[in-house]
Amino acid sequence: MSTRAEAEAMGHISSDGNFNMAQTQTSRKGFCSVRHGLALIVHLCNFSIFTQRMNLSIAIPAMVNNTALAGPSNTSTERPPTAPQDSWSETLKEFKPVAPTYDWSPDMQGIILSSLNYGSFLAPIPVGYMSGIYGAKYLVGVGLFLSSVLTFFIPLAADAGVAFLIVVRIVPGIAQGMVLTSQYTIWVKWAPPLEKSQLINIAISGQLLGSFIIFLIGGFLCQTIGWPYIFYIFGGIGCACSFLWFPLFYDDPINHPFISTGEKEYIVRSLAQQDSSPAWSLPIKAMVRSLPLWAILIFHFTEFWSFYIFMDYTPTYFSTILQANLRDSGILTSLLLVAAFICTIFGGLLADFLLSRRLLRLLSIRKLFTAIGVLVPSAALVSLHWTRSSLSATMALLALSFTTTTFCQVGAFVNFLDIAPRYTGFLKGLSQIFAHASGAISSTPAGFIMSQDSEFGWRNVFLISASVNISGRVFYLIFGQAEVQDWATEQTLTHF
């Protein structure tokens, strides 16, 4: 049943689709609402998923070197047995048997890091289609639980060999794709148009917060209790979040047992004009011919090119170029991510403010935020080669890049919710395929370029990333739209 039909069934919507504005303003006050609480729940799910996606990137320097568990080799045995340093060394020695190291070349590390994206190819499209029909409740919950359980097996898989590790990484990639794809269908029925950007960004910011936490304490865990525990701890947190998900989440406000009548009516009425009824058949031919849709898909590919390089190789950049140890590189990266986390929340609020005050049209907001999120980070990336001798300048440029990139979250990344709300799940799955394809491709050549040229390798990687990003931005600027497309309306569907 569509949102309009639900609103009419409640008997409170007028013939022209308007509703009582006083009640609307009351329902919109503050952030203490069920819809914002739902955004926080999705935020926690994204937090768990990204700690699990990033844990191998953090642990791999310890897995291929002896930095994680190397205690002081010249520690005197004449010190009293109660000395704190001796106790600490003994603690480290106890964990040596469970934290082996491996002889993986940079090329092999790139393949291992990319393997998570290989599994992600299998999930997005069928998951996105099913979430549009059946909702996101079980797809998100099962995906989070499965990914969390499989995270525990990463240390065992590494001991069994590279081939087995790659296979075990592929399966969580499928489960994580279930969470990252199907969650967008939630906002088709839960996000009022003037709050869509902030609700989505609150949820998506969990990805950055998860990355921040894993970078902040991941290196510390590897250097103290051993790298396997980075998988055990965050796998357990994910399991706990999955147990909370099922009793707290409902697919639409109509069936939620705790939502107030005012908030329920506000959400349903604000979405009354939006045709979001499930569609079993898909207008494939019309989608293939749609340039606004291609603009979104191509932008996903080009933007995620540099994103995955950042996520996979930032610790390596700090350790090789800035000569930071494992713990310090994690702290530096976490500072960048917390800045991006704050900017993500701010960007969503700013976009909704500009739209609600009618300062900019929706299409202008999408394209303006996308332009900022591409051009500024690209300029910062290209400049990194000439500031590598200065830690403060490098951190300033990286912070500028990380924060402004988040503006794309209220730009092209959510644009499919504008052009085809009834196909949100399927189109998000399709865009995920393009994003994961970019991640699967970009990490491997980046590792190869860096291994072949130690002096100019990073410069070449940044130049290529900036070129790819700007090309996608130009295509989106030309062909991007923010109106519901004809092929996405019930009256003009062209089926298989």
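This is a predicted model: local features need pLDDT of at least 70, side-chain atom pairs count only at pLDDT 80 or more; totals for chains, interfaces and linings use all residues.
## Overall make-up

The protein chain has 21 helices. It has zero strands. Of its 496 residues, 56% are buried.

Take contacts between residues at least 6 apart in the protein chain: 86% of them join residues at least 24 apart.

## Helices α11 and α12

Helix α11 spans residues 196-224, and helix α12 spans residues 228-248. Their axes come within 8 Å. They cross at roughly 135 degrees. That angle makes α11 oblique to α12, because angles over 145 degrees are needed for roughly antiparallel and 65 to 115 for roughly perpendicular. The crossing of the two helices is right-handed.

Which residues make the contact? From α11 come I213, I214, I217, G218, L221 and C222. From α12 come I230, I233 and F234. By class, the residues of this contact divide into eight nonpolar and one polar. No charged residue takes part.

Side chains of opposite charge can pair when their charged atoms come close. The model holds five salt bridges, counting a side-chain nitrogen of Lys or Arg within 4 Å of a carboxyl oxygen of Asp or Glu.

One of them joins R35 and E195. Their closest N and O atoms are 2.6 Å apart. R35 lies in helix α3, residues 34-64. E195 lies in the loop between α10 (186-190) and α11.

Are R35 and E195 buried or exposed? R35 has a relative accessible area of 0%, so R35 is buried. E195 has a relative accessible area of 3%, so E195 is buried too. The cut-off for buried is under 20%.

R366 forms a salt bridge with D418. The closest N and O atoms of this pair are 2.7 Å apart. The bridge links distant parts of the chain, 52 residues apart. R366 sits in helix α17, residues 362-383. D418 sits in helix α19, residues 416-419. R366 is buried, and D418 is buried as well. Elsewhere, salt bridges with shared partners join R35, E195 and E263 into one network.

The side chains of R269 and E265 also meet in a salt bridge, at 3.7 Å from N to O. Both residues belong to helix α13, residues 261-270. R269 and E265 are four residues apart, so about one helical turn separates them. R269 is buried, and so is E265.

## F369 in helix α17

F369 lies in helix α17, the helix that also holds R366. F369 has a relative accessible area of 2%, so F369 is buried.

What does F369 touch, leaving out residues up to four places away in sequence? Its contacts are G347, L350, A351 and L354, along with F407, C408, V410 and G411. F369 and T405 are 36 residues apart along the chain, and their C-alpha atoms are separated by 9.2 Å.

Notes:
Residues are numbered from 1 along each chain as its sequence is written. Side-chain values use heavy atoms; hydrogens and water are left out. Axes are lines fitted to C-alpha atoms, for helices over the stretch in contact, and angles run from 0 to 180 degrees between N-to-C directions. Angles under 35 degrees count as roughly parallel, over 145 as roughly antiparallel, 65 to 115 as roughly perpendicular and the rest as oblique. A crossing is left-handed if the near helix is turned anticlockwise from the far one by less than a right angle, and right-handed if clockwise. Contact means heavy atoms within 4.5 Å. Ala, Val, Leu, Ile, Met, Phe, Trp, Tyr, Cys and Pro count as nonpolar, Asp, Glu, Lys and Arg as charged, and the others, Gly among them, as polar. Buried means under 20% relative accessible area, exposed over 50%, partly exposed in between (1.4 Å probe, protein chains only).
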